[in-house]
Amino acid sequence: MPTPVSALSLQRPRTLTAALAMLADDPTLTPIAGCTDVFVNLHFGTLENRRFVDLWGLDELRGIRAGASGASRASIRIGALATYTDIIRSPLVQRRVPMLVAAAREVGGAQIQNRGTLGGNIANASPAGDTLPVLAAAGARVVLRSAKGERTVPFNGFYTGYRTSVRQPAELITAVEIPPIEGRQWWRKVGTRRAQAISKVMMAGVRGRTVRVAIGSVAPTVVQATAAAEVLTKGGSIADAQTALRSEITPIDDIRSTGEYRLRVAENLLAAFWRETK
Amino acid sequence: MIAVINGRRCKLDVHPMKRLLDVLREDCGLTGTKEGCGEGECGACTVLVDGVAVDACLVPAAHADGCAIVTIEGAGRVRAGKALQEAFVKHGGAQCGICTPGMILAAMPVRAGASLEEIKTALAGNLCRCTGYLSIFRSVQAGLKTRPKKKRARANAR
């Protein structure tokens with residue numbers, strides 16, 4: 001491994017409270033959980049961070065359950081440490097957010113699904129994060145906690161730019177809340193192959209009285225295609241929706257694909273979403 | 001780090017961020033676990049941690065602490081693993097052999113009556129550059145057929 005292990009340190013809190021205290025003392029610590037991104041970066045020698053705090057053992061962040069109280073009663077709450085496998089196997093998520101199950105099934109292979117976590121996918125903040133378009137289309141909320149207290153922020157306001165977010169260094173993502181979703185859910189990922197692929201473009205859609213569309217890998221952060229969705233909500237043509245879509249995404253050329261290809265695929269995905277959710 | 005590796009309790013003095021892959025190969029001498037890509041793409045380093053298939057190149061030693069680990073060296077001690085190993089020999093599932101330990105470990109948690117689709121999904125995280133996969137899928141199908149019923153519950157832990 002290019003990064004020498006002797007240069008690294010790991011703190012291992014036993015409780016969430018202890019983890020938050022460690023982060024309050026030293027906000028430069030990097031939280032780790034399933035390690036499916038961190039160890040890739042350590043292997044490439046591209047990770048600047050050397051000091052980590054380990055969340056993997058904090059079972060209190062692991063459950064998936066129906067909302068228990070207050071305004072979030074009807075929401076489901078997915079702990080930040082829920083793995084993709086946990087999500088795939090959860091009857092509650094299968095029933096309420098099938099598009100999240102579909103997205104989780106396309107992350108890496110079984111080995112990655114067994115370790116990678118929903119909180120990690122959000123925190124890693126890659127524009128190609130597979131669950132992120134789903135969370136955007138679902139109108140999810142992210143629960144953040146620090147030693148000072150807890151706050152809940154809308155997922156659609158979570159990212160502020162390429163790999164940056166409103167999460168403060170001393171805050172941890174503890175859970176994701178997903179409200180009831182009205183309408184048919186749809187998900188599609190386009191990659192080089194059907195497994196173990198980083199996406200070129202992926203799209204989540206909800207076809208209800210209000211249409212919601214979110215796209216990944218076509219901008220610095222996940223994008224809500226509000227203009228395209230509005231055209232469809234008002235009964236406009238798919239061609240008009242595609243034109244609207246072109247104006248709200250900014251795909252780039254990179255090692256996986258070209259911007260022009262991504263634009264075309266995004267348009268095609270929008271048409272497929274509409275056709276397949278009739 | 002204390003772990004039960006292939007049925008044997010091991011106490012190891014290792015850095016908590018050392019890759020489980022390196023712990024197994026360097027500290028335990030278990031070189032059957034192969035490093036292919038080192039980044040979770042190829043599955044050659046697949047091992048079972050508490051019955052769950054993981055890429056050992058992406059697991060820090062700290063996360064194996066207190067766990068039961070099965071590598072290819074221990075697969076044959078479990079009847080499900082032994083059945084798969086014998087099927088790989090019989091059906092030509094191995095050629096160069098680099099991917100084989102990972103393939104067998106990834107197949108071990110698959111349920112006994114699994115369809116070909118389920119087998120393909122379970123092995124989707126394992127790359128092979130020799131066989132074109134068909135002989136591997138045949139081997140796994142055969143290995144699952146001969147799996148004794150008694151061991152199913154344990155192998156299906158996750």
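**Ground rules.** I number residues from 1 along each chain as its sequence is written, and letter chains from A and number ligands from 1 in the order in which they are written. For this predicted model, local features need pLDDT of at least 70, side-chain atom pairs count only at pLDDT 80 or more, and totals for chains, interfaces and linings use all residues.

**Chain B, overall.** I listed the elements of chain B and got seven helices and five strands. Helices here are DSSP runs of H or I of at least four residues, strands are E runs of at least two, and both are numbered from the N terminus. From the N terminus on, the order reads β-β-α-β-β-β-α-α-α-α-α-α.

Next I checked the size. The C-alpha atoms of chain B fill a box of roughly 40 × 35 × 20 Å along the principal axes. The radius of gyration of chain B is 15 Å, which agrees with the value near 15 Å for a compact globule of 158 residues. That radius is taken over C-alpha atoms, and the globule rule is 2.2 Å times the number of residues to the power 0.38.

I then looked up burial. Of the 158 residues of chain B, 52% count as buried. Buried means that 20 or more other C-beta atoms, placed from the backbone, lie within 10 Å of the residue's own.

Contacts came next; two residues are in contact if their C-beta atoms, placed from the backbone, lie within 7 Å. Among contacts in chain B between residues at least 6 apart in sequence, 63% join residues at least 24 apart.

**The sheet of chain B.** I traced an open sheet of five strands, ordered E2-E1-E5-E3-E4, with mixed pairing. Strand E2 (8-11) and strand E4 (52-55) of chain B are the edges, each pairing on one side only. Two strands pair if DSSP finds at least two bridges between them.

I followed one pair inside the sheet. Strand E3 (residues 46-49) and strand E5 (residues 68-70) of chain B run antiparallel, joined by two bridges. B:Leu48 has B:Val70 in E5(B) as its bridge partner.

Helix H4 (residues 100-107) of chain B lies across E3, E4 and E5 of chain B, at about 35° to E3(B). The axes are lines fitted to C-alpha atoms, for helices over the stretch in contact, and angles run from 0 to 180 degrees between N-to-C directions.

**Where A meets B.** I found 22 residues from chain A and 27 residues from chain B in the contact. On the side of chain A, helix H2 (38-44) and helix H6 (110-113) each supply at least two residues.

Methods
Buried ≥ 20, exposed ≤ 12 C-beta atoms within 10 Å, placed from the backbone.
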